[in-house]
Amino acid sequence: MQLTMKSRQLEEGGHTALRKLPTIIGMLILIFFFLLPIVRLILMSFTSGESLSVSAYSEVLRESVTWKTLWNTIYIVLGSTVLSMILGITMAAMMAYTDVRGKSVMQLFIYLPFIIPSYITTLAWVQFFSSSGPLGRLPEWLMPNLYSVGGIIFVLGISHYPLVYLMTVQVFRRIPRDAELAAMVSGASRISTWRKVILPMALPGICSGGLLAFLSNLDNFGVPAFLGIPANIRVLSTYIYEQVIGYGPSAFSRAAVLSVLLGIVAAAATLIQVWLLRRSKVAETTVPDNEPRIQLRPSRRKILQTVLWIFLLSTSLVPFLAMGTVSLVQAYGIDLTWENLSLENYRYILFEDEKVIRSLNNSLLLGLITAFVCLIFGTIFAYYRSHRQGRFPKILEAIITMPYALPGTVLALCIILMWMQPLPGWYPGVYGTPAILLIAYITRFFVLQFRGSYTAFSQLDARMEEAARTNGANLITRWRQILLPLILPGVLSGALLVLLTSLTELTVSSMLWSSGAETVGVIIFSFEQAGYSTYSTAYSSLIVLAILLGGIAYLVLQRKWSQRGKKA
């Protein structure tokens, strides 16, 4: 009897171990791909030769260029974040509370600077203010110099204010209308009501949007590279890039130290946000109130609409049109006239330069594989996370979030240090090949797919799957007949975001690309650095057109899917 019980216990223990085996394997994979590279980076910053040392820190921190670069980084990131917050909060207030017409169309123009890659946005602004652009005939003293600290702040602020808008507009709509009315009935003016009631209650959205803008500005490589490197203005992201591509005996150790400094700045911003949120007391309604709260007079509404459209067109559309027109001139710097217009730049990049076609193929292949891998495994992990509560799943979620939270140059260095020798004695040979780009893309953008899939799962009623399980449906049947049809729109949205982000990525690619493995962003960056601005603008114009056509196709498919769901 005792032997039977013991054998039964062993058998049950074996079944339990087998059930936990996939979770254990998944945890080890996440640690290896997502956490271990960060640990390797930190260890490298304390490595000198073959021993642990702080010599790299003392060397880097003694140099005046380090402190100047750190000051440039903080000044530029804070300035651009303030600009993003001013623009984002103002636009959110207009869209949430006033009765201006055409809000849905306006929102498309608000998101455009963020949808388009920032390095392409930079090219658009450069061409807008160039001698060949629409303002080329203005006196030189009236033309702003984008190749300056102020120029970098301006382009970064314009590129990332949609993040603040996105996080703030719904918070404004969720603030109870009664709180605002009670303050005004008590004698408070509209300005006092905004200062004492609305803004404090909107603090969570404002802080979240401000943090996203801050981290995006801190992470951005394209804008400071395009505008700062020619003007010898360094920030930490470009300084890390210079260290890595410069090689040398201590290049990786120095770059690791700078990466730790960049990570400290990002962590400090996150802690400040947490502190601000703890001090705020917020009471929100559960359902957004989309009805306008400020009824404007027709004359004032027309003035406000005119001002908004001038701002949106001048920041979202006109620079890209200027970039497109400059790409049609025969040579950079000549006047934009009918005689100087030509398609020669497009003919060259499409039919003569083999690197352009190769970069398109590389980016498309890397993007598709990244999207597919993230789609499968990100959705599986989202399913696991939606069915498991507790500390362990939250730790796993934090691990996959780390590579995306890190600045791109820091992650690229993590990938380099990890995959030159992942384990002692194992040299997989992926460094200097497209494979390392694929690993970096999957590691960085995995969380985007997870978020999209997890949101889709969180909107499902758990009783539906439970009822199917009770009726004898196995896991495959439940996925095929119940889960997949319901979560497909959210899952595909995450996959599309991963695909578009991978296609136009520059920050990570700039440090990991090799000959034959060029990407779209790398080729555009190379054209601009070499002085071939007409080629870079022509290539960028094609990418913008492809993104817009892809966005329109996605909206059409999404509308058809929703109509199909209503009919069903």
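Student: How do the residues lining the largest cavity divide into nonpolar, polar and charged?
Tutor: This is a predicted model. The lining of its largest cavity includes Ile76, Val77, Asn217 and Ser237. Sorted by type, the lining residues come to 8 nonpolar, 4 polar and no charged.

Student: Which helix gives the largest share of that lining of the largest cavity?
Tutor: Helix H3 (64-97), helix H9 (203-219) and helix H11 (236-246) each give two or more residues to the lining of the largest cavity. The largest share is 3 residues, and it comes from H3.

Student: How much space lies in the largest cavity?
Tutor: Searching the whole structure for cavities of 30 Å³ or more turns up 1. The space in the largest cavity is about 60 Å³.

Student: What is the volume of the second largest pocket?
Tutor: Its lining has 24 residues, with Pro22, Gly26, Met27, Ile380 and Phe381 nearest the centre. They divide into 17 nonpolar, 4 polar and 3 charged. The volume of the second largest pocket is about 830 Å³.

Student: Which helix supplies the largest share of the lining of the second largest pocket?
Tutor: Helix H1 (2-45), H15 and helix H18 (434-458) each supply at least two residues of this lining. The largest share is 11 residues, and the helix is H1.

Student: Is Ser363 buried or exposed?
Tutor: Ser363 is in helix H15, residues 354-387. Its relative accessibility is 2%. Buried means under 20%. Ser363 therefore counts as buried.

Student: Which residue's backbone nitrogen does the side chain of Ser363 reach?
Tutor: Leave out residues up to four places away in sequence, and Ser363 touches Leu503, Thr519 and Val520. Gly521 is 158 residues from Ser363 in sequence, yet their C-alpha atoms are 8.9 Å apart. The side chain of Ser363 reaches a backbone nitrogen at 2.9 Å, that of Val520.

Notes:
Residues numbered from 1 in each chain as written. Predicted model: local features only at pLDDT ≥ 70, side-chain atom pairs only at ≥ 80, totals over all residues. Heavy atoms only, no water. Helix = DSSP H or I, 4+ residues; strand = E, 2+ residues; numbered from the N terminus. Buried < 20%, exposed > 50% of the residue type's maximum accessible area, 1.4 Å probe, protein only. Contact = heavy atoms within 4.5 Å. Polar contact = N/O pair within 3.5 Å; in protein donor to acceptor, adjacent residues only side chain to side chain. 1 Å grid on protein atoms, 1.4 Å probe; cavity = no way out; pocket = protein on both sides within 12 Å on 5 of 7 lines; lining within 4 Å. Points joined across faces, edges and corners; volume = space filled by probe spheres on them. Nonpolar A, V, L, I, M, F, W, Y, C, P; charged D, E, K, R; others polar.
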